[in-house]
Amino acid sequence: MLKTDKIYVAGHRGMVGSACVRALKAAGFENIVMRTHSELDLLDPAAVRSFYEAEKPDVAIIAAARVGGIGANSAANSQFLYENELIALNTVWSAAETGVKRLLFLGSTCIYPRMAPQPIPESALLTSELEKTNEGYALAKISGLKLCEFLRRERGLVYHSLMPTNLYGPGDNYDTEHGHVLPTMIRKFETARVNGNQKVTLWGSGSPLREFLHVDDLASACLFLLEMENPPDLVNVGSGREVTIRQLADMVKEATGSQAFIEWDRTKPDGTPRKLCDTRLIRKLGWAPKIDLAAGLRRTVDEYRAEVASGRVRV
Ligand code: GDP
């Protein structure tokens, strides 16, 4: 990538897209193109095509998606499939048709089978059934990464994909019904601390294992891969460290300073029992994360408090 390249970041208001914009600017890339949802509807193929034709970016980072936690996904698999499929197909296909030279497509490790070997290698893709709670989202992301792979093979375009593990950081969604577990826990424990509540209710059994990565580490991995001449088609990006949901709850409780007692609501789903990605490939290429979970949590709690104080918190 050249410092003068025009870079389109799709989804620049989201947690991932905004982290990519911060990382690009910090690395000296100034020519960044962004469109809000109201300026460009990524579900509309003609609008996406005209946007690319008018702007002619050199590089595209596709970080736009409808995302949500286990509650949102399992209640609306159809919506997650429909919107994410259209976003993926429109943004990738029109990029190829209008001469975008380089494209990075972001997915999620939920594209891998529910019972994939752990840690999950990139080669586990499409080897068995998906996890039902987020099947719609996963299918759409699989379409997007396959489209990149086909275009690379058929047209020689360096379009490639990255699958991040569970992410957290500034700009996350703190909605307790629809958000992911980590921001939801921050909100629940922080609310309990502020209101002096005795009890915080969390979902499931607490025994599933999850891996977490700070979104600034993810953004550094995006730039790292975009700087490579010949990156792999598909690369996992994770911290390589997993915790049980129960351990995460203890860490979040400590980071917020809450004294609340934790109750587990077992009527809520656990989701996939374990989701650790195999990060040997990206590590072998020379990238490693820098922000460990305890430090990242403290930072995120501080940022959450600042967001609440300024009325900017996303719920
Ligand atoms: P997943 O990683 O795709 O399963 O999605 P989530 O981040 O939403 O959930 C991860 C795990 O955290 C699941 O096992 C949930 O049951 C558990 N969990 C515990 N408490 C909560 C909560 O308050 N909200 C959410 N979303 N998940 C929770």
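How many disulfides does a search of the whole structure find?

Modeller: This is a predicted model, in which local features need pLDDT of at least 70 and side-chain atom pairs count only at pLDDT 80 or more, while totals for chains, interfaces and linings use all residues. Residues are numbered from 1 along each chain as its sequence is written, and side-chain values use heavy atoms, with hydrogens and water left out.

The search of the whole structure finds 0 disulfides, a disulfide being a pair of cysteine sulfur atoms within 2.5 Å. Cys277 is in no disulfide either, and the nearest cysteine sulfur, that of Cys110, is 12 Å away. Cys277 is also buried, at a relative accessible area of 3%.

Six strands, in the order 2-1-3-4-5-9, form an open sheet with parallel pairing. Strand 2 (32-33) and strand 9 (234-237) stand at the edges with a single partner strand each, so one side of each has no neighbour in the sheet. Helices (H or I, at least four residues) and strands (E, at least two) are DSSP runs, numbered from the N terminus, and two strands pair if DSSP finds at least two bridges between them.

Strand 3 (residues 59-62) has buried residues on both faces: Val59 and Ile61 point one way, Ala60 and Ile62 the other way. Strand 1 (residues 7-10) pairs with strand 3 in the parallel sense over 4 bridges, and the bridge partner of Val9 in strand 3 is Ile61. Strand 3 also pairs with strand 4 (residues 102-106), in the parallel sense and over 4 bridges. There, Val59 stands opposite Arg102.

Most residues other than glycine have a negative phi, and most peptide bonds are trans. Lys56, in the loop between helix 2 (45-55) and strand 3, is not a glycine and yet has a positive phi of about 45°. The loop between strand 4 and helix 5 (135-155) contains Pro119, and the peptide bond from Gln118 to Pro119 is cis, with omega near -10°. Leu126 is found in the loop between strand 4 and helix 5 too; Leu126 has a positive phi near 60°, although not a glycine. Leu126 counts as exposed because its relative accessibility is 55%.

Asn173 sits in another loop, between strand 6 (166-168) and helix 6. A polar atom of the Asn173 side chain lies 2.9 Å from the backbone nitrogen of Asp175. That is a polar contact, a pair of N or O atoms within 3.5 Å; within protein, one must be able to donate a hydrogen and the other to accept it, and residues adjacent in sequence count only if both atoms are side-chain atoms. The C-alpha atoms of Asn173 and Gly238 are separated by 20 Å, and the two residues are 65 residues apart along the chain.

A polar backbone atom of Ile70 is 2.9 Å from an oxygen atom of the ligand. An N or O atom in the side chain of Asn166 is 3.4 Å from a ligand oxygen atom, and a polar backbone atom of Val181 is 2.9 Å from one. Taken alone, the ligand exposes 540 Å², of which the protein buries 97%; such areas come from the Shrake-Rupley method with a 1.4 Å probe, and for residues only the protein chains shown count as cover.

Technical notes. Buried < 20%, exposed > 50% of the residue type's maximum accessible area, 1.4 Å probe, protein only.
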